[in-house]
Amino acid sequence: MSIESVLSEQLLERFRERATKYDAENTFCTEDFEELVSLGYLKALIPVQDGGLGWNFEQLALAQRRLATAAPATALAINMHQVWAGVAYLLSARGDTRLQMVTNWIAQGEVMAFGISEPGNDSVLFDSKTSAVSEADGSVTFNGIKIFTSLSPAFTRLGVFGKDEANNELVHGFVAKGQGVESLGDWNTLGMRASQSHTTKLRDAVAPEEWVHSRLPIGPNSDLLVFGIFASFLTLTASVYVGIADRAVSMAQETLNKKVRHDGTKYSQDVRSRGLLADAAMRLISLDALQRSVAGDLDSKVDHREEWFPKLVTLRTIAGASARENVQVLGQLVGGGGYFRGSEFERLCRDVQASWYHPSNAASAANTVASWLVGPLES
């Protein structure tokens with residue numbers, strides 16, 4: 001099935017209308033989620049013969065972008081399920097089947113969530129403040145705090161990791177929603193409110209032995225799991241912000257075609273307004289090319305070697321920056337009506353601010369690119 005047949009214009013309009021209510025009430029995008037489940041969207045990367053849509057990774061990235069043009073918070077929520085689907089997909093394509101259970105779970109209807117980020121941990125995947133204790137039966141018990149757990153009201157499996165002090169290693173596994181996995185219900189934010197990305201407290205949460213899939217050294221390493229998580233997370237998260245940048249251009253275009261000055265001339269004939277719109281459109285055209293290039297190269301298994309991480313963080317960083325700039329342009333063109341609470345511009349203006357906080361942030365991204373070019377900072 002094509003992206004447009006799954007995410008139809010009619011569906012996008014329904015989602016866009018509901019986005020205002022979710023945002024105002026600070027509630028989960030329940031109806032959006034149920035509709036996407038019924039369309040098989042959560043199984044986008046699952047082969048058709050196994051009940052999925054049979055898409056490749058680039059199609060999923062473009063679909064997330066399209067979804068975000070209507071409901072960025074819904075797209076961001078679903079994103080964290082799709083990130084795990086993407087990690088399993090990218091690893092499997094490279095001959096690594098350790099996350100086959102994730103693909104199987106998704107085919108069976110399980111909903112995945114991402115429990116990686118921790119308060120005060122700027123090492124991201126290379127260290128953890130969560131305790132991981134390896135038990136005699138092969139299971140692992142996790143204790144700690146995970147933040148920005150999108151899909152909190154709906155997920156059934158949470159991907160987590162923690163530090164096993166006894167064995168001096170990082171342990172990755174999955175825990176089921178329920179005993180030992182507590183959502184704190186604390187999501188009351190500036191924007192992206194419908195994602196309901198609550199803080200999650202792990203209190204003796206147990207990953208069975210068969211759900212423990214990786215044990216890695218502390219610190220940077222080249223394990224394929226690390227590449228897969230960064231590649232899927234950064235590319236799909238960027239797609240949400242490409243969608244916002246896209247929507248801002250569409251709304252600005254509509255505004256200039258509709259607004260008329262007191263003397264009867266259209267704003268589309270105003271040189272300054274045309275220039276602002278053109279700048280926003282050129283940012284989107286450049287971003288579109290970068291998004292398709294990165295996602296397409298992931299599908300094609302292009303070996304960029306040391307250049308892969310600079311490419312991934314550049315996409316994520318530029319997507320966020322371009323979305324913020326394009327929304328700012330929209331604000332200059334849309335007029336005073338956009339300043340009122342509940343307008344789509346007002347919501348986009350808040351939603352786009354979340355782009356500051358997703359890994360990798362701008363400073364980390366700049367260091368990644370600089371280290372690729374001239375080596376790491378000397379200690």
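The lining of the second largest cavity divides into 6 nonpolar, 1 polar and 4 charged residues. The model is predicted. This cavity holds about 60 Å³ of space. Its lining residues are Ala-19, Tyr-22, Asp-23, Ala-71, Pro-72, Ala-73, Thr-74, Arg-193, Ala-194, Arg-347 and Asp-351. The elements that give two or more residues to this lining are α2 (9-25), α5 (72-93) and α10 (344-351).

The count is 2 cavities of 30 Å³ or more. Phe-114, Ile-116, Ser-117, Val-124, Leu-125, Ile-229, Phe-230, Phe-233 and Pro-359 form its lining. By class, that lining has 8 nonpolar residues, 1 polar residue and no charged ones. Helix α7 gives the most to the lining, with 3 residues.

The second largest pocket has a volume of about 300 Å³. Its lining has 15 residues, and the closest to the pocket centre are Leu-12, Arg-65, Arg-66, Thr-69 and Asp-246. By class, the lining has 3 nonpolar, 2 polar and 10 charged residues. At least two residues each come from α1 (3-6), α2, α4, α7 and α8 (271-299). The largest share, 4 residues, is from α2. Helix α2 also gives two or more residues to the lining of the second largest cavity.

| Space | Volume | Lining by class |
|---|---|---|
| Second largest cavity | about 60 Å³ | 6 nonpolar, 1 polar, 4 charged |
| Second largest pocket | about 300 Å³ | 3 nonpolar, 2 polar, 10 charged |

Tyr-41 and Trp-55 both lie in the loop between α3 (30-38) and α4 (57-68), so the pair ties together parts that are 14 residues apart in sequence. Tyr-41 is buried, and Trp-55 is buried too.

Phe-227 and Phe-309 also pair edge-to-face, with 6.2 Å centre to centre and 90° between the planes. This pair links distant parts of the chain, 82 residues apart: Phe-227 is in helix α7 (residues 224-258) and Phe-309 in helix α9 (residues 308-334). Phe-227 counts as buried, at 12% relative accessibility. Phe-309 is partly exposed, because its relative accessible area is 29%, and the buried class ends under 20%.

One aromatic cluster is made of Trp-84, Trp-105, Phe-114, Phe-174, Trp-211 and Phe-233. Phe-114 and Phe-233 in turn are among the residues that line the largest cavity.

The charged end of Lys-177 sits over the ring of Phe-155, 4.7 Å from the ring centre. The charged end of Arg-261 sits over the ring of Tyr-267, 4.4 Å from the ring centre.

Now the strands. Strand β8 (residues 212-216) has 4 of its 5 residues buried, so the strand is largely enclosed by the rest of the structure. Strand β5 (residues 169-176) runs antiparallel to β8, and 4 bridges join the two. Within this pairing, Leu-170 has Leu-216 of β8 as its bridge partner.

Some backbone details deserve a look. The peptide bond from Pro-359 to Ser-360 is cis, with omega near -10°. Ser-360 is in the loop between α10 and α11 (362-374). Pro-359 also belongs to the lining of the largest cavity.

Phe-148 has a positive phi, near 55°, in a residue other than glycine. The residue is in strand β3 (residues 140-149). Phe-148 is partly exposed, with a relative accessible area of 42%.

Met-192 also has a positive phi in a residue other than glycine, here near 50°. Its place is in the loop between β6 (181-183) and β7 (198-207). Is Met-192 buried or exposed? Met-192 is buried, since its relative accessible area is 1%.

Terms used:
Residues numbered from 1 in each chain as written. Predicted model: local features only at pLDDT ≥ 70, side-chain atom pairs only at ≥ 80, totals over all residues. Heavy atoms only, no water. Buried < 20%, exposed > 50% of the residue type's maximum accessible area, 1.4 Å probe, protein only. Pairing = 2+ DSSP bridges. Phe/Tyr/Trp six-rings, centres within 6.5 Å; stacked < 30°, edge-to-face > 60°. Lys NZ or Arg CZ within 6 Å of the ring centre and 35° of its normal. 1 Å grid on protein atoms, 1.4 Å probe; cavity = no way out; pocket = protein on both sides within 12 Å on 5 of 7 lines; lining within 4 Å. Points joined across faces, edges and corners; volume = space filled by probe spheres on them. Nonpolar A, V, L, I, M, F, W, Y, C, P; charged D, E, K, R; others polar.
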